[in-house]
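Please keep the sequence and the model in view while reading.

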Amino acid sequence: MEITWRENLAWCACLIDGEGHIRTDPRDAGATLLPRIDITQADRRVLDRFRRIIGMGRIYGPYHYANRVGHKPRFQYYLAGYQQVQAAIAMIWTWLDVVKRQQAGAAMIRTRDAARLAPGRGRDKTICKRGHSLTDPSNVHIYIQHGYQSRDCRACGAERMRISRRLRHETMLRDNADLDIAWA
Ligand SMILES: [Zn+2]
(Lines give C-alpha, C1' and ligand atoms only; values in the text may rest on other atoms or scores of the structure.)
Protein backbone atom coordinates (compact mmCIF):
# COMPACT_ATOMS: atom_id res chain seq x y z
CA MET A 1 0.00 0.00 0.00
CA GLU A 2 1.38 3.36 -0.95
CA ILE A 3 1.82 6.02 1.69
CA THR A 4 0.10 9.25 0.69
CA TRP A 5 1.68 12.69 1.06
CA ARG A 6 -0.94 13.53 3.71
CA GLU A 7 0.06 10.47 5.71
CA ASN A 8 3.70 11.46 5.38
CA LEU A 9 2.89 14.97 6.62
CA ALA A 10 1.05 13.50 9.61
CA TRP A 11 4.18 11.46 10.36
CA CYS A 12 6.27 14.67 10.19
CA ALA A 13 3.93 16.39 12.68
CA CYS A 14 4.25 13.43 15.07
CA LEU A 15 8.03 13.53 14.81
CA ILE A 16 8.07 17.25 15.70
CA ASP A 17 5.58 16.71 18.54
CA GLY A 18 7.81 14.09 20.09
CA GLU A 19 11.35 14.96 19.10
CA GLY A 20 11.43 18.45 17.64
CA HIS A 21 11.48 22.08 18.64
CA ILE A 22 10.00 25.14 16.99
CA ARG A 23 11.72 28.24 18.38
CA THR A 24 13.82 31.29 17.68
CA ASP A 25 17.56 30.99 17.85
CA PRO A 26 18.45 32.54 21.22
CA ARG A 27 22.17 32.78 20.39
CA ASP A 28 21.52 34.97 17.41
CA ALA A 29 21.05 38.10 19.52
CA GLY A 30 22.86 40.66 17.41
CA ALA A 31 21.93 39.62 13.90
CA THR A 32 18.67 38.32 12.46
CA LEU A 33 16.31 36.63 14.87
CA LEU A 34 14.97 33.65 12.95
CA PRO A 35 12.37 31.03 13.71
CA ARG A 36 13.78 27.53 13.42
CA ILE A 37 12.68 23.94 13.47
CA ASP A 38 15.19 21.45 14.80
CA ILE A 39 15.01 17.72 15.40
CA THR A 40 17.78 15.63 16.94
CA GLN A 41 18.07 11.90 16.20
CA ALA A 42 20.62 9.12 16.51
CA ASP A 43 19.35 7.58 13.25
CA ARG A 44 19.95 9.89 10.33
CA ARG A 45 17.43 8.06 8.11
CA VAL A 46 14.55 9.46 10.18
CA LEU A 47 15.76 13.00 9.44
CA ASP A 48 16.38 12.20 5.77
CA ARG A 49 12.77 11.08 5.47
CA PHE A 50 11.52 14.25 7.21
CA ARG A 51 13.61 16.43 4.91
CA ARG A 52 12.39 14.59 1.79
CA ILE A 53 8.74 15.09 2.74
CA ILE A 54 9.03 18.76 3.79
CA GLY A 55 11.38 19.52 0.89
CA MET A 56 13.51 21.98 2.89
CA GLY A 57 16.16 22.09 5.59
CA ARG A 58 19.59 20.61 6.20
CA ILE A 59 20.99 17.78 8.25
CA TYR A 60 24.12 18.29 10.36
CA GLY A 61 26.30 15.90 12.28
CA PRO A 62 27.10 13.36 13.49
CA TYR A 63 27.83 15.17 16.73
CA HIS A 64 29.78 13.23 19.30
CA TYR A 65 29.32 13.90 22.98
CA ALA A 66 32.63 12.94 24.53
CA ASN A 67 31.47 13.67 28.07
CA ARG A 68 28.47 11.35 27.84
CA VAL A 69 29.56 7.74 27.96
CA GLY A 70 27.38 5.31 26.07
CA HIS A 71 25.63 7.99 24.02
CA LYS A 72 25.32 7.46 20.29
CA PRO A 73 26.41 10.23 17.93
CA ARG A 74 23.51 12.51 17.04
CA PHE A 75 22.30 14.11 13.85
CA GLN A 76 20.36 17.33 13.69
CA TYR A 77 17.78 18.45 11.17
CA TYR A 78 17.69 22.24 10.95
CA LEU A 79 15.36 24.58 9.10
CA ALA A 80 15.54 28.34 9.62
CA GLY A 81 13.92 31.38 8.04
CA TYR A 82 10.57 33.12 8.41
CA GLN A 83 9.05 31.96 5.12
CA GLN A 84 10.56 28.47 5.28
CA VAL A 85 9.40 27.72 8.82
CA GLN A 86 6.00 29.27 8.12
CA ALA A 87 5.60 27.01 5.05
CA ALA A 88 6.66 23.89 6.96
CA ILE A 89 4.28 24.65 9.82
CA ALA A 90 1.40 25.26 7.40
CA MET A 91 1.99 21.82 5.80
CA ILE A 92 1.77 19.94 9.11
CA TRP A 93 -0.54 22.25 11.10
CA THR A 94 -3.57 19.89 10.88
CA TRP A 95 -1.76 17.17 12.85
CA LEU A 96 0.40 19.32 15.13
CA ASP A 97 -0.48 19.14 18.85
CA VAL A 98 -1.45 22.20 20.87
CA VAL A 99 1.97 22.60 22.55
CA LYS A 100 3.84 22.75 19.26
CA ARG A 101 1.17 25.01 17.74
CA GLN A 102 1.81 27.45 20.60
CA GLN A 103 5.59 27.17 20.16
CA ALA A 104 5.19 27.87 16.44
CA GLY A 105 2.96 30.89 17.05
CA ALA A 106 5.32 32.32 19.68
CA ALA A 107 8.39 31.85 17.44
CA MET A 108 6.74 33.66 14.53
CA ILE A 109 5.56 36.55 16.75
CA ARG A 110 9.00 36.95 18.41
CA THR A 111 10.65 37.06 14.99
CA ARG A 112 8.20 39.67 13.73
CA ASP A 113 8.58 41.81 16.86
CA ALA A 114 12.38 41.65 16.65
CA ALA A 115 12.25 42.66 12.99
CA ARG A 116 10.05 45.62 13.95
CA LEU A 117 12.45 46.79 16.68
CA ALA A 118 15.53 46.45 14.47
CA PRO A 119 14.37 46.47 10.86
CA GLY A 120 16.42 45.17 7.97
CA ARG A 121 17.74 41.74 7.21
CA GLY A 122 20.76 40.40 9.04
CA ARG A 123 23.85 42.21 7.91
CA ASP A 124 21.91 45.36 6.95
CA LYS A 125 20.88 45.98 10.54
CA THR A 126 22.61 48.87 12.28
CA ILE A 127 21.41 48.12 15.82
CA CYS A 128 20.77 44.90 17.72
CA LYS A 129 17.38 44.15 19.24
CA ARG A 130 18.50 45.86 22.47
CA GLY A 131 19.70 48.95 20.67
CA HIS A 132 23.51 48.46 20.68
CA SER A 133 25.48 49.53 17.62
CA LEU A 134 26.13 46.94 14.93
CA THR A 135 28.15 49.37 12.81
CA ASP A 136 30.85 49.81 15.45
CA PRO A 137 33.38 47.06 14.55
CA SER A 138 34.51 46.80 18.19
CA ASN A 139 30.98 45.73 19.18
CA VAL A 140 30.50 43.17 16.39
CA HIS A 141 31.60 39.59 16.85
CA ILE A 142 31.80 37.61 13.58
CA TYR A 143 31.55 33.85 13.77
CA ILE A 144 30.73 30.83 11.61
CA GLN A 145 27.67 28.75 12.42
CA HIS A 146 26.34 25.88 10.30
CA GLY A 147 28.71 26.96 7.54
CA TYR A 148 27.36 30.51 7.36
CA GLN A 149 28.98 33.68 8.57
CA SER A 150 27.00 35.26 11.35
CA ARG A 151 27.20 38.30 13.60
CA ASP A 152 26.74 38.72 17.29
CA CYS A 153 26.47 41.80 19.51
CA ARG A 154 29.39 41.91 21.96
CA ALA A 155 27.50 44.11 24.44
CA CYS A 156 24.66 41.55 24.59
CA GLY A 157 27.21 38.73 24.84
CA ALA A 158 28.95 40.45 27.78
CA GLU A 159 25.57 40.93 29.44
CA ARG A 160 24.76 37.21 29.00
CA MET A 161 28.17 36.35 30.51
CA ARG A 162 27.52 38.64 33.50
CA ILE A 163 24.15 37.01 34.12
CA SER A 164 25.47 33.45 33.88
CA ARG A 165 28.47 34.32 36.09
CA ARG A 166 26.13 35.81 38.70
CA LEU A 167 23.90 32.72 38.54
CA ARG A 168 26.96 30.46 38.94
CA HIS A 169 28.15 32.58 41.87
CA GLU A 170 24.73 32.44 43.55
CA THR A 171 24.57 28.68 43.05
CA MET A 172 28.05 28.36 44.58
CA LEU A 173 27.08 30.48 47.60
CA ARG A 174 23.93 28.41 48.05
CA ASP A 175 25.85 25.12 47.75
CA ASN A 176 28.45 26.37 50.26
CA ALA A 177 25.66 27.40 52.61
CA ASP A 178 24.21 23.90 52.28
CA LEU A 179 27.65 22.46 53.08
CA ASP A 180 27.95 24.71 56.16
CA ILE A 181 24.60 23.42 57.37
CA ALA A 182 25.66 19.86 56.66
CA TRP A 183 28.88 20.33 58.64
CA ALA A 184 27.36 22.29 61.50
ZN1 LIG B 1 23.21 44.14 21.80
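Helix α2 spans residues 44–54, and its buried residues are Leu47, Phe50 and Ile54. They lie on the same side of α2, because they cover an arc of only 60° around the axis, the arc being that of the directions from the helix axis to the C-beta atoms. The model is predicted: local features need pLDDT of at least 70 and side-chain atom pairs count only at pLDDT 80 or more, while totals for chains, interfaces and linings use all residues. Residues are numbered from 1 along each chain as its sequence is written.

**Terms**
- A residue is buried if 20 or more other C-beta atoms lie within 10 Å of its own, exposed if 12 or fewer, and partly exposed in between, with C-beta atoms placed from the backbone.
- Helices (H or I, at least four residues) and strands (E, at least two) are DSSP runs, numbered from the N terminus.
- Two residues are in contact if their C-beta atoms, placed from the backbone, lie within 7 Å.

**Helix α2**
- Arg45 and Arg52 are exposed, on the face of α2 turned away from its buried side.
- The buried residues of α2 pack against α1 (5–19), β2 (35–41), β3 (58–63), β4 (74–80) and α3 (82–92).

**Phe50**
- Phe50 counts as buried because it has 24 C-beta neighbours inside 10 Å.
- Not counting residues up to four places away in sequence, Phe50 touches Cys12, Leu15, Ile39 and Tyr77.
- The C-alpha atoms of Phe50 and Ile39 are separated by 9.6 Å, and the two residues are eleven apart along the chain.

**Nonpolar core**
- A nonpolar core is a set of buried Ala, Val, Leu, Ile, Met, Phe, Trp, Tyr and Cys residues joined through C-beta atoms within 7 Å.
- The largest one has 22 residues, of which Ile16, Ile37, Phe50, Val85, Ala88 and Ile92 touch the most other members.
- At least two residues of this core come from each of α1, β2, α2, β4, α3 and α4 (98–117).
- α3 supplies the largest share, five residues.

**Sheet**
- Four strands make an open sheet with antiparallel pairing, in the order β1-β2-β4-β3; strands pair if DSSP finds at least two bridges between them.
- β1 (20–24) and β3 stand at the edges with a single partner strand each, so one side of each has no neighbour in the sheet.
- β2 and β4 run antiparallel and are joined by six bridges.
- Ile39 has Tyr77 in β4 as its bridge partner.
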